[in-house]
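This report describes the domains, the strand pairing and the ligand shell of one model, with the cut-offs behind each term.

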Amino acid sequence: MQPFRDTQGTAMADLETFRTEAAAWLDANAPLEIRGLELDPDTGGGWGGRRATFDPPQLKDWLDRCAEKGWTAPQWPREYGGGGLSGAEARVLDQERKRLQLPEPLVGFGLTMIGPVLLQFGTEEQRQEHLTKIVRGEIRWCQGYSEPDSGSDLASLQTRAVRDGDEFVVNGTKVWTSYGDLSDWIFALVRTNPDVKKQEGISFLLIDMQTPGVAVRPIQLISGKSPFCETRFDDVRVPVANVIGEIDGGWTVAKALLGHERAMIADLFGAPRGGSRKAGSSLVNLAREYLDVPDDAPLSDAVLRDKIAASEMDTRAFHLTIQRSRDAAKAGHQPGPESSIFKVYATEANKRRCELAVELAGPRGLGWEGPGFEADELARTRAWLRSRGNSIEGGTSEIQLNIIAKRVLGLPD
Ligand SMILES: Cc1cc2nc3c(=O)[nH]c(=O)nc-3n(C[C@H](O)[C@H](O)[C@H](O)COP(=O)(O)OP(=O)(O)OC[C@H]3O[C@@H](n4cnc5c(N)ncnc54)[C@H](O)[C@@H]3O)c2cc1C
């Protein structure tokens with residue numbers, strides 16, 4: 001009799017052998033100091049790069065061991081430092097890592113955005129140059145798409161790149177560059193031809209942020225700090241060899257990258273990184289804690305009860321949908337416009353969930369700082385505020401709905 005196989009042809013018995021081996025490797029190689037560690041998703045290490053800090057320092061050992069094994073990028077080809085795993089194997093690895101309460105060894109836009117695009121559009125030379133540095137966490141990347149006057153209408157971007165021999169000379173300003181001040185390289189959209197239809201004169205350019213003329217200025221938010229930057233280019237000379245895809249053909253590459261970005265954002269909510277962050281603890285637990293509902297009693301407020309049940313069901317159903325879509329994806333799968341469906345659903349559902357968590361906590365859900373609030377409560381308030389940005393970054397919800405209408409459903413303008 002033939003063994004059962006997953007959608008990519010991996011026999012289930014092989015998968016269980018892989019599970020045993022993966023768990024044993026993780027257990028043997030994860031330093032004790034990092035077990036159960038919950039990293040701050042914005043600042044808590046794991047992002048790599050020349051300025052990376054590791055607290056505790058054993059996180060660096062964890063990164064190095066996983067990179068050596070190819071498990072910082074489990075599904076990337078082995079020749080570029082990846083693990084060469086199938087989708088099903090990568091899922092098992094992820095399950096075992098979470099079961100052992102181990103943090104991801106490496107996160108960031110290198111792995112989730114520019115890496116997959118280099119695999120699809122990069123030349124062999126470009127892949128060799130950049131991919132292994134990404135998997136080893138040596139270089140941190142940021143995204144230079146938005147400009148002061150170009151957000152949703154991204155193709156109207158004005159940052160100019162004028163050719164001078166084997167180089168482009170880049171001038172212009174990017175804005176909302178997440179973590180621009182901590183990154184080493186930027187993947188940027190630049191206008192290389194102003195005389196054609198706007199989408200047809202854009203190139204996708206990789207720029208080393210140490211090049212003279214690149215200046216980064218953090219943007220202060222009302223909270224007093226910011227992960228965003230304004231990034232200026234003043235006569236920045238960039239080799240023509242750093243163009244990904246065709247010169248003037250960057251719009252195709254840009255859209256492919258946005259597919260990966262949207263899938264990554266949806267994954268944040270559909271396949272949480274694991275751990276024990278209380279800011280995200282179950283709504284049922286929050287209701288019991290803040291509304292003093294005993295464990296064996298139902299919540300008397302029927303409206304609130306319905307809202308909690310609906311949110312928990314939406315979350316669970318979405319986790320399973322993401323899981324199914326990952327399982328069905330063939331190796332090398334490139335997310336298309338359907339990633340907008342995942343992105344809009346994930347971010348809008350998460351906003352509702354965060355809103356409800358704050359509602360349940362009442363006045364204790366509105367702390368910003370100070371000793372009057374528990375750390376979990378402050379984290380919850382900030383998670384609620386942060387959730388508002390998720391439905392803007394990577395294209396707003398309105399833009400996702402436009403894409404779904406036009407490119408998925410084929411509706412007329
Ligand atoms: C947390 C966060 C991180 C970000 N990180 C980065 C980054 O690293 N790199 C980067 O390049 N950018 C980044 N951005 C910028 C982001 O991509 C833009 O904010 C986004 O594309 C929207 O552009 P905008 O802010 O100019 O808004 P606008 O385009 O001015 O939109 C304003 C409003 O009008 C609506 N709207 C606009 N056009 C349409 C339309 N055709 N149909 C219906 N409604 C429309 C929008 O939905 C929105 O509600 C980030 C943004 C956030 C919030």
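The text below moves from the domains to helix and strand detail, and then to the ligand.

The model is predicted, and local features are reported at pLDDT of at least 70, side-chain atom pairs count only at pLDDT 80 or more, and totals for chains, interfaces and linings use all residues. Residue numbers start from 1 along each chain, as its sequence is written.

**Domains**

The chain is divided into domain 1 (12-119), domain 2 (141-244) and domain 3 (253-408), with bounds that come from an automatic or database domain assignment. Taken over C-alpha atoms, the centres of domain 1 and domain 2 are separated by 30 Å. In the interface between these two, 11 residues of domain 1 are in contact with nine residues of domain 2, where contact requires C-beta atoms, placed from the backbone, to lie within 7 Å. The side of domain 1 that touches domain 2 has five nonpolar, three polar and three charged residues; here Ala, Val, Leu, Ile, Met, Phe, Trp, Tyr, Cys and Pro count as nonpolar, Asp, Glu, Lys and Arg as charged, and the others, Gly among them, as polar.

**Helix 4 and Phe109**

Helices (H or I, at least four residues) and strands (E, at least two) are DSSP runs, numbered from the N terminus. Helix 4 (residues 109-121) bends by about 35 degrees at Gly115, and Pro116 follows within four residues; the bend is the angle between axes fitted to the seven residues ending at a position and the seven starting there. Buried residues of helix 4 include Phe109, Met113, Gly115 and Pro116, a residue being buried if 20 or more other C-beta atoms lie within 10 Å of its own, exposed if 12 or fewer, and partly exposed in between, with C-beta atoms placed from the backbone. The cover over the buried residues of helix 4 includes helix 5 (124-135), strand 1, strand 4 (185-191), strand 8 (243-244) and helix 6 (250-270).

Phe109 lies in helix 4, and Phe109 counts as buried because 24 C-beta neighbours fall inside 10 Å. Leaving aside residues up to four places away in sequence, Phe109 touches Ile114, Trp141, Cys142 and Gln143. Although Phe109 and Trp141 are 32 residues apart along the chain, their C-alpha atoms are separated by 5.7 Å.

**Strands**

In strand 1, Trp141 and Gln143 point one way and Cys142 and Gly144 the other way, and all are buried. Strand 4 is mostly covered, with seven of its seven residues buried; Trp185, Phe187, Leu189 and Arg191 point one way from strand 4, whereas Ile186, Ala188 and Val190 point the other way. In a regular strand the side chains alternate between the two faces of the sheet.

The table lists strand pairs, where two strands pair if DSSP finds at least two bridges between them.

| Strands | Sense | Bridges |
|---|---|---|
| Strand 1 and strand 4 | parallel | four bridges |
| Strand 4 and strand 5 (residues 202-208) | antiparallel | seven bridges |
| Strand 3 (residues 167-174) and strand 7 (residues 229-239) | antiparallel | seven bridges |
| Strand 6 (residues 214-218) and strand 7 | antiparallel | five bridges |

Within strand 4, Ile186 stands opposite Cys142 and Ala188 stands opposite Gly144, while Phe187 has Leu206 of strand 5 as its bridge partner. Strand 7 supplies Phe233 as the bridge partner of Gly172 and Thr231 as the bridge partner of Val216.

Which residues are closest to the ligand? Of the 18 residues that surround the ligand, the closest are Tyr145, Gly151, Ser152, Gly389 and Thr396, a residue being near a molecule if its C-beta atom, placed from the backbone, lies within 6 Å of it. Strand 1 (141-144) and helix 11 (397-408) are the elements that give two or more residues to this shell. The shell divides into five nonpolar, 11 polar and two charged residues, and draws at least three residues from each of domain 2 and domain 3.

Val408 lies in helix 11 and counts as partly exposed because 14 C-beta neighbours lie inside 10 Å. Apart from residues up to four places away in sequence, Val408 touches Pro337, Glu338 and Ile341. Val408 and Gly172 are 236 residues apart in sequence and 34 Å apart in space, C-alpha to C-alpha.
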